[in-house]
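User: I have just opened this one and would like to go through it piece by piece. Could you keep the answers plain?

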Amino acid sequence: MIKGQEQINLAQIRKAIPESLFKKSESRFLVSVAQAISTTALLAYIGYRYIPLTWYALPIWIVFDFLLGTVAMGIWVLGHECGHQAFSDNKLWNDILGYFLHEILLVPYFSWQHSHALHHAKTNHLTEGETFCPVVLNSKMGKIYQKTKDIIGIESFSIVQIFNVTVLGWPLYLLLGVTGGPSRGFTSHFIVPNKLFPSRMLLKVSLSNIGLCFVIFGLYKWAQATSFAEVMALYIGPYLVVNMWLTIITFLQHTDINIPHYDSTSWNWLKGALSTIDRNYPAWIDSLHFEIGTTHVLHHVFSELPHYHANEANLYFKKAIGDLYHNDEKPLLTSLYQSASLVGVEHKGDGVWFFSKE
């Protein structure tokens, strides 16, 4: 147990934050939705209108797609908030808006809402957690990772890991459950039943899949009407950047040399939720992403708190939990490189596990 965790409870933390900051305003949330969609659409139009679809312009398109995907990530964040019921007190309105915002980004809304709820329910549980669960250093996979790192060196290992996280991480997680909970093994967000999605989830998984099919069909018709190059430049490229950001955010909030994981002998919900870390995102990116990376510890404790109150609530939250708050002030790329260099966790006693410094 981390010092101080036995002296605080959820009710005490909640009481420290003004109740007004938990109140939801649908109109205020829709302003953020309009902002995210309009800025994404405007930037896409600028690219369509002024950047030629030629090989000579490829370097420009790469930079442009990074910017467009970074802006579009705001749409993903708001869909994620709907999945947490942070848009409205009406669950149906949350799901209608969240379904639209996520499906247009090829996120299976209901399926991911379910797996993400489990991620929040079992945060930093060594075996029952969901997404970016660390390997145990002396396990078979941990030994393979450590041997690989020893052979190719820390720099190459970190670069490979960053590629795995930012490029392969999202599709492999959705398709095969890679980095998911060890206790569940193979899972898929598209097939029912499996250990992550019981048979009762069939309707919601099917609705998620149907939405994806409509979007994919729309992309096909778009390419037919114009060209694949246009779809690649204005959708697929930015889509890959959105995926990059969502995996970076999740990876960095739960992977750090100073962040503990817990086995079944010591884990509880509050310890897991507080064992996350806020990172130092560039201000312009943090703003576009509605501060999801700099108020993430708060989000894990109060996921229903709306994003437009998060910065203010975070001030009260940090004061309430004191030394239990984790924050990293290093530049984002430095944090990403250092976290990617980590191999696996080892037992430090009392059911607490930390990443090895080797």
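User: In what order do the three strands of the open sheet come, and is the pairing parallel or antiparallel?

Analyst: The order is β1-β3-β2, and the pairing is antiparallel; two strands pair if DSSP finds at least two bridges between them, and strands (E, at least two residues) and helices (H or I, at least four) are DSSP runs, numbered from the N terminus. This is a predicted model, in which local features need pLDDT of at least 70 and side-chain atom pairs count only at pLDDT 80 or more, while totals for chains, interfaces and linings use all residues. Residues are numbered from 1 along each chain as its sequence is written, and side-chain values use heavy atoms, with hydrogens and water left out.

User: Which strands stand at the edges?

Analyst: β1 (261-262) and β2 (345-347) do, each with a single partner strand, so one side of each has no neighbour in the sheet. Between β1 and β3 (residues 352-355) there are two bridges, and Y262 has V352 in β3 as its bridge partner.

User: Switching to helices, at what angle do α6 and α7 pack?

Analyst: Helix α6 (residues 140-152) and α7 pack at about 125°, with their axes 6 Å apart; axes are lines fitted to C-alpha atoms, for helices over the stretch in contact, and angles run from 0 to 180 degrees between N-to-C directions. That makes α6 oblique to α7, since angles under 35 degrees count as roughly parallel, over 145 as roughly antiparallel, 65 to 115 as roughly perpendicular and the rest as oblique.

User: Which residues meet there?

Analyst: Y145, T148, K149 and I152 in α6 meet I154, S156 and F157 in α7, where contact means heavy atoms within 4.5 Å.

User: And how many cavities are there of 30 Å³ or more?

Analyst: The count comes to four, a cavity being a set of points on a 1 Å grid over the protein atoms alone where a 1.4 Å probe fits but cannot get out, with lining residues having an atom within 4 Å of a point. Grid points are joined across faces, edges and corners, and a volume is the space filled by probe spheres set on the points.

User: What volume does the largest have, and what lines the cavity?

Analyst: The largest cavity has a volume of about 150 Å³, and its lining includes W112, H116, F132, W170 and T250. α5 (109-121), α7 (154-176) and α9 (228-254) each supply at least two residues of that lining.

Notes:
On a 1 Å grid over the protein atoms alone, a cavity is a set of points where a 1.4 Å probe fits but cannot get out, and a pocket is an open set with protein on both sides within 12 Å along at least five of seven lines; lining residues have an atom within 4 Å of a point.
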